[in-house]
Structure formats: structure tokens, C-alpha cells
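Morning, everyone. I have one structure to walk through today, so please get it up on your screens.

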Amino acid sequence: MTLVYLDNNATTMVAPEVVEAMLPYFSQNYANPSSIYDIAHNASEALKESREVMADFLGAANPKEIIFTSCGSESANMAIKGALEVNRNKKHIITTKIEHPCVLNLYKDLEKKGYRVSWIDVDKNGDLNISRLLEEVCSDTALVSVMMANNETGTIYPVDKISEAVKMQNPETKVFVDAVQAAGKIPINVKNTKIDMLGISGHKFHAPKGVGALYVKTGTMISPLIIGGHQERGKRAGTENVPYIVGMATAAKLAKDALEDELTRVKALRDKLEKGILSSIKNSVLNSKSKNRVPNTTNIGFQYIEGELILLHMNDEGICASSGSACTSGSLEPSHVLRAQGVPFTSLHGSIRFSLSRYTTEADVQYTLEKLPAIITKLAKISPFQKELAEIMG
Ligand code: PLP
């Protein structure tokens, strides 16, 4: 059976080189890196090297600025809660309406606990009005938090520029960037930026699930989320997951080497898929409209057709994609990101995200372009919106 995996923003295949690099740390160098015998030394050396690799991957000046975590959600929670905890007298946060639920729902929770949150809108292309964001910065603003790339549409946000401008308004305000969907897709370089904290997740760039990292700029105080031993310089207790950390560092090196491929070949495949769908399926409309997009993602709405049905029929043909973020698909709630963009109800419920990776082939795209039109035609016949579809489809 054919398998075409176009859901790489949900998670990615673990690269074979990553699996290979991890194996010795399960069966040979499995000791606790804080112990003193030789095999522990191998583990602690691997931890040290991995930290250097991750610092290089993110452009951090010092490996000590890297904290290993278990996932992107933990990185975000640690940064946000940790920074607010050390700055308790400030009660204002600025964020966007299109953040991932691990950030969005945390801010909703903080709102209930007495924080004032300014939720900044995006326009119909998904782009952010930066001047609008800056108008909100005041002396009480503890934190500004903007994602680097959106998981559903791929839109890139100019976080360097935003952090710079925020600090001009209030140098004490901290800036957190959720870069989970940027890592491995576009260069990340915190050096010479005013970003204080930036989170990533291994499983989005061909490392396993269960490992992530948080960059915390030297001098930025955060209180720990997990209290216990003194691992990670007291910022995150718990014995380090050495095999997974080694895996993530290996994946980061591979991603760095493959970045050129991502920005050219993967982008060309994504564009081919996007143009092919938009030209062959009459009720399709592009939701990923921003000029600034990661190279692997497109989001397309199919008017008057239910997205979950499209996904099920694609699944029958061996094609995997998604109708929202991995966390919201499975519920029939329409995407908060597309709603914020003002995507009309006619295509909101029938929007599909296709996300490619360096393992996506020309044949995968060709196969999808062959199968999808027939699926949409079939579903159009059973849609309750026959009159509207007849007008569009002719
Ligand atoms: N941030 C963004 C933009 C994401 O897309 C995701 C996962 O989809 C996360 C954070 C959470 O990452 P994790 O699944 O590693 O917790």
C-alpha cells in the first residue's frame, strides 16, 4: 500500500542517522551523566557536545544558554511561567491570536489568574500588524510572545524585528519566541537579536518525540518549572535523557546541512503541490497567503466540503495530512488560526494542511495530485451545498 506522509508539521520520521547515533546511549553508555565512572563520563561528554551543537544550531553565544526539555510545550511553559514568576509585580502580556495551543491556552489560564493579555490580530494573509503590537507595550508589560512560524499556515513572523522594537519601548520586557515550526525549515539565529527565550522541539525536525530545548539568553532570569536536583544548572531538574538529547543534536546537524535542500527542493515540491491543487480543483482556495512562509507548508480550503471527510478519503488512498494542528484535529472545532485570518465559513471547515519534509519525493506529490481531484469530486456530490458547489464547479 502506498504511503504518502504530508503531515510533517504534526511530527516527522526519525532520521536513520539519528536512530543510529542514539543506540549506544541505551545499551552501552547508559549511565547517569552526573555519576563519576567512565561510562558516565561518556554520557556527560555526549551531553556537553550535544549542548554545543544545539547552541550552534540556534546561534546561541554560549552552550550554557541551552536547557534540554521534553518537548516544545515544556519549553514554552518553562519560559513563560519561569519569566513571569521572577517578575511578579508586572501583570501584562502581549501575544498573538495564532499561537500554538501550548502557548495560547497557557495565556488564557494566566488571564484567569489576573494577568492582562493583549491578543494581537493577524490580517487576511496571516501577517501581523507590528505597530499594533508595539502600541500595547507599556511599563507593566512583563512578556511579549510571538511565534516564529505558524504550524497551520507556515506564515513566518519577523521575531528579530519585533524583539528589537519591543526592547526600544521597554528594555525590561522579556521576549519569548516559539520556534518549534521554524527549526529545520528556516535558519534560526538568536545572536545579535533581542530575543530572551526561544523554544524548539526535536520531533519536528526528525529527532524522536520527547525531547526539546529552550534557549535562555545569559542574564535572563527564569524560575524552574520542575524543582528537584541541580541538572541543567538548576533550571530543570530530572536526569537528562541522554539518548534523546544525542538524537536531537544529530537531527540538528542534519537539518543544518539539509537547509539548502529545504529552501529549494522541498519548497519547489510544495509549490508544485499547491499550484497543482489550485489549478485542478475548482473549489480550492489558498489559506497560506503570506509572502513569508516556511518552505514545507501549504494550507488549502475546499469550499463546502468537510475537512475530516477529505482526510478520511485521503487516508484510504494512503495520503496523510491534517485539518488543523495535531492537537485540534480530532475535534470538529474549526482552526483558531484560520478564524483569526478571517477565512470564511465556506472553506473554514474544509481546510487541509499539507506539510512536506526532506523525505518527500516528486512521486509523493504526483500521487497526491492524481488522487485528490477524484476525492473532492466524490465528496462534492454528497455535500449538502449542491447549489453553491454547482456554481463554483460548473
Ligand atoms: N509550538 C508549535 C508551533 C507547534 O507546532 C507545536 C506542536 O505541534 C508545539 C509548540 C508543541 O510541541 P510539542 O508537541 O513538542 O510539545
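In which loop does Y304 lie? Y304 is in the loop between β10 (297-302) and α9 (307-316). A word of caution before going on: this is a predicted model.

Back to Y304. Look at the backbone there. Phi is near 65° for Y304, a positive value in a residue other than glycine. And is Y304 buried or exposed? Buried. Its relative accessible area is 16%, and the cut-off for buried is under 20%.

There is another residue of this kind, H206. Phi of H206 is near 75°. Again that is positive, and again the residue is not a glycine.

β7 and β8 both belong to it. What is the strand order? Reading across, we have β2-β8-β7-β6-β5-β3-β4. That makes 7 strands in an open sheet, with mixed pairing. At the edges stand β2 (66-69) and β4 (116-120). Each has a single partner strand, so one side of each is left without a neighbour in the sheet. On average, neighbouring strands are turned by 20° against each other, direction ignored.

Let me zoom in on one pair. Strand β5, residues 141-145, and strand β6, residues 174-178, run parallel. How many bridges join them? The count is 3. For a landmark, find S145: opposite it, in β6, stands F176.

Next, the polar side chains facing ligand oxygens. A polar side-chain atom of S201 lies 2.6 Å from an oxygen atom of the ligand. For Q181, a side-chain N or O atom is 2.8 Å from a ligand oxygen. For H100, the corresponding distance is 3.3 Å, again from a side-chain N or O atom to an oxygen of the ligand.

How much of the ligand does the protein bury? Taken alone, the ligand exposes 390 Å², and the protein buries 91% of that.

That's the tour. Over to you for discussion.

How values were computed. Residues numbered from 1 in each chain as written. Predicted model: local features only at pLDDT ≥ 70, side-chain atom pairs only at ≥ 80, totals over all residues. Heavy atoms only, no water. Polar contact = N/O pair within 3.5 Å; in protein donor to acceptor, adjacent residues only side chain to side chain. Areas by Shrake-Rupley, 256 points an atom, 1.4 Å probe, with all protein chains shown as cover. Helix = DSSP H or I, 4+ residues; strand = E, 2+ residues; numbered from the N terminus. Buried < 20%, exposed > 50% of the residue type's maximum accessible area, 1.4 Å probe, protein only. Pairing = 2+ DSSP bridges. Axes fitted to C-alpha atoms, helices over the stretch in contact; angles between N-to-C directions.
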